[in-house]
Amino acid sequence: MTENHEQKSRNTKKKKKRNYSIFRMILLIVILIGFIGTGALGGLVFAFIKSAKPIDVTKIDSVLSENSFIFDKEGNLIEKVESDILRTPVEYSQIPEHLRNAIIAIEDRDFKKHNGISIKGIIRATWENLKARGPVQGASTITQQLAKNLYLSNEKKISRKIIEAYYALQIEKHLSKEQILTAYLNAAYFGAGAQGVQAAAQAYFSKDVSQLDLAESALIAGITKNPAKFSPLKTLRKEDVDPNKHFIIDDSDEIYTIVYDERYKDRQHLVLKIMKDEKMITEEEYQEALHVDIKERLKPGGKQVSSGISSYFVDQVKRDVIQALMKELDKTEEEAKDMLYNQGLRIYSTMDLKMQKILEKVYEDSRNFPNLIAKKDGAGNLLSKNGSILLYKYDNLINSNEQLIIPKGDYQYDTEGNLVLFKGRRLNFDPLYENGEVKGIQVAVRDAYTLSPDKEYLMHKGGPIKIPSQYKSYDGKNNLVIHKEFLEHSPEFFSKGSNDSLLISKENYYMSDKGVVQPQSAMVIMDYHTGEIKALVGGRDIKGKKLYNRAINPRQPGSAIKPLSVYTPAIDNGWTAADVVDDVPNYDQSGRLWPKNWYKGYHGLSTLREGVQWSINVLAVKIGEQIGINTSIEYLKKMGITTIDEKGGTSDLNLAAMALGGMTKGISPLELTAAYGSLANNGVYIRPKSFVKITDRDGNVILENTSFKNLVVKPEVAFIVTDMMKSVVSAGTGQKAKLDRENSVIPVAGKTGTTSDNYDAWFVGYTPYYVGGVWIGNDVQMELASGSALSAQLWKTVMAKVHEGLPPRDFEKPENIISVKIDTKSGKLPTEISYQDPRGTVRTEYFIRGTEPKEYDDVHVELEVDTSTNKLATPYCPPTLVEKRIFIKRPIPYNPGDHGGIVPDDYIYEVPGMCDVHNAENNGIIIDPLQPLPFPTVPKKNENNNNLSEDPIETPVIDSGSN
Ligand SMILES: [Zn+2]
């Protein structure tokens with residue numbers, strides 16, 4: 001490229017001195033006509049021309065073949081951005097005359113007469129546009145457009161217009177009309193990722209450009225003005241396809257469906273009309289072309305195969321680049337795409353190729369992922385928890401002739417001869433609404449599964465069945481009625497199979513051929529210091545292009561939301577890690593026992609640190625209630641979460657969503673990872689980015705991707721929350737994520753998350769270097785065999801390799817953080833008796849200076865006990881049986897009797913009642929010999945209460961998942 005460029009400059013130097021005064025004259029006139037009212041000054045025009053980069057029009061072919069390039073952080077080329085269809089420049093003789101004329105007709109009628117700029121064209125365009133009250137014709141000649149396509153950006157500046165005209169004059173001076181037209185037809189963008197007429201012929205009709213007839217040529221010529229509007233093909237996501245509204249052209253892709261878009265028609269007819277008016281075609285040819293059914297001719301061309309790493313990251317880069325060009329440089333989407341695909345941009349991505357490869361390697365190994373818990377019915381269909389069919393076994397749905405089977409019991413004919421398909425079987429009948437009214441019924445095949453040779457579950461997406469909408473209705477029971485007329489009209493649609501089944505042939509229904517392995521997963525790794533995405537994988541299928549990217553699609557975060565929505569706001573609002581909340585039965589507004597913990601029962605008095613460490617739901621809910629839903633939302637937003645549902649009956653304005661992560665939409669792995677990054681980055685959120693800058697083909701920076709930053713909390717708050725999450729990994733639910741035994745060489749802070757029924761399993765964690773987020777789940781709501789422990793394990797597998805060779809480093813401790821010894825049952829300073837709690841309840845805790853406790857432990861009490869009854873001693877108890885013991889006295893008393901007899905784990909340490917053996921009444925009665933002597937010093941369950949909790953003090957089991 002640089003070589004080319006040097007040559008270019010050398011070659012043009014000689015010509016530079018030529019006298020262009022005639023052209024300048026013409027140019028001046030053009031400028032005056034074109035820009036009256038804009039105030040452009042003549043002197044400026046010459047200044048612009050002088051500043052214009054010299055071009056070498058004889059090198060047009062090399063400029064034509066310019067791709068954009070994406071580089072990694074080190075500057076290594078990771079992808080040459082090509083459109084889906086390879087561009088193939090063609091010779092003038094290969095281009096049919098109809099097509100050449102069609103372009104001239106619609107774009108530049110005076111092409112053969114002008115010398116690069118057409119004053120007549122400007123006047124006519126102005127007139128036509130005035131008549132139509134909108135832009136229907138451009139004033140630029142084909143030569144000007146070619147100049148723009150080849151040498152200029154899309155900036156809508158006057159200087160650009162002037163330089164464009166100047167280049168056009170140069171092109172005309174050195175090239176023949178044939179050469180110019182050929183170059184133009186090879187360079188123009190025709191939508192559908194097609195640059196040049198050959199690519200367009202392939203993209204729309206799967207034929208060689210020389211085979212295009214008049215109607216097809218007129219269509220293609222009409223597209224280039226506005227490909228988004230005038231392309232006859234539109235690519236939709238599968239869920240957006242409505243078979244009643246859309247004519248499906250191609251349904252072979254996993255995610256996208258190509259449908260017919262009629263809006264090109266007026267434009268195509270206009271092209272034909274001008275051709276007729278200009279005597280390029282006869283009336284007969286005109287009439288014939290008008291009546292060609294383009295819809296039947298359309299046949300989208302094949303896609304290109306990719307190589308090397310998966311497309312997840314580069315797809316993300318391309319998406320972000322298009323967005324940035326639109327937002328920062330004010331381009332339309334089509335202009336931005338044209339720049340990306342055709343203008344030789346250099347895009348510097350944030351990807352760390354080494355990390356990306358590590359990540360993809362781990363994702364290729366199915367041993368790193370759990371299996372499904374798959375309950376099946378007798379026929380082998382996969383069942384949901386409530387016994388309904390979640391995924392049909394593929395062979396049960398589709399026979400060896402690829403026909404869809406509707407078995408005998410799933411349909412009947414009514415008395416009028418209509419076909420009734422029963423609801424709740426192999427087909428879904430979904431009403432299609434328009435302005436609140438049912439406008440049609442979408443009939444679609446349910447999803448199915450096959451097993452891979454390695455016994456992995458592969459999910460196949462079912463899609464629409466093509467029955468025109470006028471023949472479909474519901475009966476009173478929401479079954480689907482297919483009208484008799486349709487059966488008579490298309491007798492071949494349903495054929496008879498064995499056992500009285502009905503069969504539908506392959507062209508009339510959709511089912512993806514390629515199964516997608518389940519469960520699925522996504523992972524993002526970011527450098528939180530800069531917001532740069534270092535590696536990203538959006539699924540376990542990493543071959544091919546345009547993959548479904550689960551890293552940017554929201555899923556329920558479960559407990560992974562707690563540090564963001566509950567604990568960060570709590571610490572920021574005066575709570576401390578040492579504050580104590582009682583994990584005891586709690587109730588929702590309707591009086592229902594809620595929430596459940598993921599472990600059995602309740603832990604009792606727990607600090608906020610323990611709340612995070614053990615992912616205690618009751619604590620999250622109680623604290624969330626006190627800080628308030630709106631506070632949670634405010635912090636989530638500050639951390640870049642954009643998917644909070646704040647409206648309607650199913651909004652996230654409740655504790656189930658904000659404290660426990662049961663959100664309506666959920667949070668994407670990318671957003672969740674970036675949100676944790678803000679805690680890692682001393683409280684400053686940086687919006688994730690996939691590229692750093694874009695330059696043009698000559699290395700001039702045209703866009704710098706500056707970081708969006710947002711202060712969430714001060715560094716001290718971020719540090720405390722980080723340290724709490726360190727406990728999760730050191731000795732809590734996330735131990736599998738540890739990079740070293742003590743979690744101290746390169747410590748990890750993070751949080752697990754599992755949603756109800758084990759549908760989603762998360763681990764998001766960070767080190768002093770990077771933040772990473774892992775999601776595992778199924779594309780359908782199906783239970784996983786193991787929970788977040790596996791996500792933590794997967795995180796560690798990847799991150800251990802990512803951190804290989806990095807020097808030990810700890811999280812930075814702000815100066816304003818102090819360490820204080822506290823008692824964890826009271827959250828206050830320990831007393832002598834605090835130390836006597838057999839559980840060892842004194843520890844060192846971090847505080848933001850000023851928030852440390854000043855009062856002393858008032859939960860632990862030392863009282864005299866009758867060791868024969870384990871109750872408080874009365875004056876009547878024999879002194880030999882009496883000894884001093886340590887108990888806890890809850891600040892808010894808890895009475896199991898008020899809670900259905902439920903006893904929290906620490907209730908055995910509660911102050912017991914008074915001895916009822918030795919009292920004033922039965923003073924001196926001898927101990928019951930059957931009562932065993934209690935174990936000294938460790939209090940035993942009180943007889944009055946021990947009938948309720950049969951479990952020993954529960955030690956949470958780390959591998960059991962749900963947390
Ligand atoms: Zn006693």
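Guide: One term before we start: two strands count as paired if DSSP finds at least two bridges between them. And keep in mind that this is a predicted model.

Visitor: Fine. Which residue stands opposite isoleucine 248 in E5?
Guide: Valine 259 does. E4 and strand E5, residues 256-260, pair in the antiparallel sense over two bridges.

Visitor: In what order do the strands of that open sheet run?
Guide: The order is E3-E5-E4, three strands with antiparallel pairing. Strands E3 (233-237) and E4 (248-250) are the edges, each pairing on one side only. From one strand to the next, the twist averages 45°.

Visitor: Now E13 and E14. How many bridges do they pair over?
Guide: Eight, in the antiparallel sense. E13 covers residues 427-434 and E14 covers residues 437-445. Leucine 432 stands opposite glycine 440 in E14.

Visitor: What about the hairpin, which residue takes a positive phi?
Guide: Asparagine 435, with phi near 50°. The hairpin has two residues between the strands.

Visitor: Let's step back. How many helices and strands in the protein?
Guide: There are 28 helices and 39 strands. Of the 963 residues, 45% are buried. Among contacts with a separation of 6 or more, 70% join residues 24 or more positions apart.

Visitor: How many residues does the largest nonpolar core have?
Guide: It has 128. Leu359, Ile525, Ile720 and Val721 have the most contacts inside that core. Helix H27, residues 715-731, gives the largest share, nine residues. Domain 3 (817-848) and domain 4 (859-963) each contribute at least three residues to this core.

Visitor: What is leucine 359 in contact with?
Guide: Setting aside neighbours within four places in sequence, leucine 359 touches Met523, Ile525, Ala535, Val537 and Val798. Another core lies apart from the largest one, with 60 residues, including Tyr184 and Phe190.

Visitor: Proline 370 next. Buried or exposed?
Guide: Proline 370 has 20 other C-beta atoms within 10 Å, so this residue is buried. The cut-off for buried is 20 or more. Proline 370 sits in the loop between helix H18 (353-364) and strand E7 (375-376).

Visitor: And which residues is proline 370 in contact with?
Guide: Beyond four places in sequence, Pro519, Ile776, Leu784, Ala785, Ser786 and Leu790. Glutamine 520 is 150 residues from proline 370 along the chain, yet their C-alpha atoms are separated by 9.5 Å.

Visitor: Switching to H23. How many of its residues are buried?
Guide: Nine of 11, so to speak a mostly covered helix, residues 617-627. Among the buried ones are Asn617, Lys622 and Ile627.

Visitor: What covers the buried residues of H23?
Guide: The cover includes helices H21 (562-572), H22 (608-613), H24 (629-638) and H25 (655-658). Strands E26 (580-583) and E27 (604-607) are also part of it. Glycine 628 follows H23, with a positive phi near 95°.

Visitor: Last topic, confidence. What pLDDT does the protein average?
Guide: The average is 85, and 86% of the residues score at least 70.

Visitor: Where is the pLDDT below 50?
Guide: Residues 36-40 are one such stretch, with four contacts in the model beyond near neighbours in sequence. Residues 302-307 also stay under 50. For residues 302-307 the model has nine contacts beyond four places in sequence.

Technical notes:
Residues are numbered from 1 along each chain as its sequence is written. This is a predicted model: local features need pLDDT of at least 70, side-chain atom pairs count only at pLDDT 80 or more; totals for chains, interfaces and linings use all residues. Helices (H or I, at least four residues) and strands (E, at least two) are DSSP runs, numbered from the N terminus. Axes are lines fitted to C-alpha atoms, for helices over the stretch in contact, and angles run from 0 to 180 degrees between N-to-C directions. A nonpolar core is a set of buried Ala, Val, Leu, Ile, Met, Phe, Trp, Tyr and Cys residues joined through C-beta atoms within 7 Å. A residue is buried if 20 or more other C-beta atoms lie within 10 Å of its own, exposed if 12 or fewer, and partly exposed in between; C-beta atoms are placed from the backbone. Domain bounds come from an automatic or database domain assignment. Two residues are in contact if their C-beta atoms, placed from the backbone, lie within 7 Å. pLDDT is the predictor's confidence in each residue, from 0 to 100.
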